[in-house]
Amino acid sequence: MTTAKLTPSGSQTVGPYFAIGLSYLIERSGVVAADAETIEIRGRVLDRDGVPVPDAMLEFWTSNPRDASGKGAFPYGFRRVCVDDNGNFCALVNRPAPAPFSDGTMQSPHVLVLFFARGLLRHLISRLYFDDKPANLSDPVLLGIPAERRHTLIAKSEGANSFRWDVILQGPHETVFFAW
Amino acid sequence: MIESSAIQSGAPGTQPAYHYPPYVSSIARSPRMPLIVLPDTVTERTGPVFGHGLIREGDNDLTAQHSGEPVGERIFVHGRVLDEDGRPLRGTLVEIWQANAAGRYRHKVDMHDAPLDPNFSGAGRMLTDDEGRYWFKTIKPGPYPWGNHYNAWRPAHIHFSLFGAGILSRLVTQMYFPGDPLQPLDPIFNSIPDGAARRRLVSRLDMNRAEPNYALAYEWDIVLRGRADTPFEEPHR
């Protein structure tokens with residue numbers, strides 16, 4: 001392995017006006033029908049005081065090699081959404097397949113989620129799981145998280161292919177975020 | 001998909017902390033519980049690859065998106081997107097947005113009492129070429145006041161959003177201009193503790209790329225986390 005020669009550029013906040021430059025991607029990504037291959041995630045982003053965050057952007061990444069060939073101009077597995085004035089978001093994400101952990105054991109299906117907002121000097125990364133998956137009980141990443149915080153990563157079923165997942169940026173019920 | 005080796009963040013002090021009280025908006029929005037070490041699995045080592053069909057002709061010329069020319073100082077902004085080994089990242093999506101020459105964003109929540117420019121939207125994007133190069137033609141953005149503290153002004157900047165090889169290479173940052181006296185006063189700029197890392201967010205006047213009697217040029221290279229050019233093998237089924 002080569003030694004790193006360059007230091008990654010510093011992150012800066014996305015600020016409050018990112019929609020100017022980033023919402024086009026939502027428009028150009030086309031409409032994805034809510035069928036067996038997609039899952040609808042609805043939720044709300046809240047700050048320390050329980051105040052909805054009206055200027056956040058979320059990006060969902062479903063790594064699913066089986067379907068990588070389906071990429072055209074817009075990559076399969078990626079989805080960007082902006083919250084509305086009340087901090088609510090709705091994202092149709094591609095259904096994840098089980099993927100192995102570094103030790104070869106299988107992980108429970110999950111989606112990686114990136115958060116950007118005014119106030120976040122660097123984006124946050126979390127993982128989203130689904131409450132109808134028994135494999136959550138043996139998922140090596142979930143098991144590495146303090147038991148009382150695991151539920152913050154598990155979206156709750158609200159009907160066929162529809163889940164709810166609220167994100168709390170700070171406080172006693174803070175969503176689990178990862179260091180990267 | 002492209003696989004990038006998941007590695008730890010760069011040298012200490014080269015990235016901002018989440019909680020940075022001089023930037024007041026960070027106080028109620030930054031996590032305070034311990035962060036969990038990110039796993040290293042296919043989820044983290046892959047990322048989206050954008051096709052050329054996403055980009056439209058003229059998306060990287062912010063001065064030609066309306067019927068007339070925008071007001072302000074016309075500039076070129078160009079540079080390279082590199083991985084940590086200094087290798088060019090080709091086909092990388094670079095998205096930018098910015099205020100107009102008067103320091104006003106075309107956005108519903110920007111209340112700054114400065115004129116909007118009917119000939120300037122302030123957004124551009126392109127995919128880097130085979131040498132990892134990007135280039136934009138735009139208007140030099142003006143500084144503008146904001147509510148962080150009394151008489152707070154943001155130094156002139158252009159917002160950048162980038163995708164590299166793998167989702168962990170994702171970067172959103174801001175490019176600044178050389179010699180801007182507002183930089184030392186700006187809590188967002190100063191949120192990066194390391195002085196050299198801060199200075200790397202400042203572009204360089206590039207007279208080689210300036211066009212006589214037309215426009216000055218600024219050069220700014222961006223380094224994304226990770227290492228590229230390792231093709232991800234599709235599993236056989």
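Two strands pair if DSSP finds at least two bridges between them, where a strand is a DSSP run (E) of at least two residues and a helix one (H or I) of at least four, both numbered from the N terminus. Before you click, note that this is a predicted model: local features need pLDDT of at least 70, side-chain atom pairs count only at pLDDT 80 or more, and totals for chains, interfaces and linings use all residues. Residues are numbered from 1 along each chain as its sequence is written, and chains are lettered from A and ligands numbered from 1 in the order in which they are written.

**Stop 1: a sheet in chain B.** Select β5, β4, β9 and β10 of chain B, in that order across an open sheet of four strands with antiparallel pairing. At the edges, pairing on one side only, are β5 (123-127) and β10 (166-176) of chain B. From one strand to the next, the twist averages 15 degrees (axes are lines fitted to C-alpha atoms; angles run from 0 to 180 degrees between N-to-C directions).

**Stop 2: inside that sheet.** Now pick β9 (157-164) of chain B, which pairs with β10(B) in the antiparallel sense over seven bridges. Which residue stands opposite B:Ile158? Look in β10(B) for B:Met175.

**Stop 3: where the chains meet.** Show both chains: 67 residues of chain A are in contact with 73 residues of chain B (C-beta atoms, placed from the backbone, within 7 Å). On chain A, the elements that each supply at least two residues of this side include α1 (19-22), α2 (24-28) and β10 (178-179).

**Stop 4: a pairing across chains.** Finish on β10(A), which pairs in the parallel sense with β2 (36-37) of chain B over two bridges. Here A:Phe178 stands opposite B:Ile36.

Note on methods
Contact = placed C-beta atoms within 7 Å.
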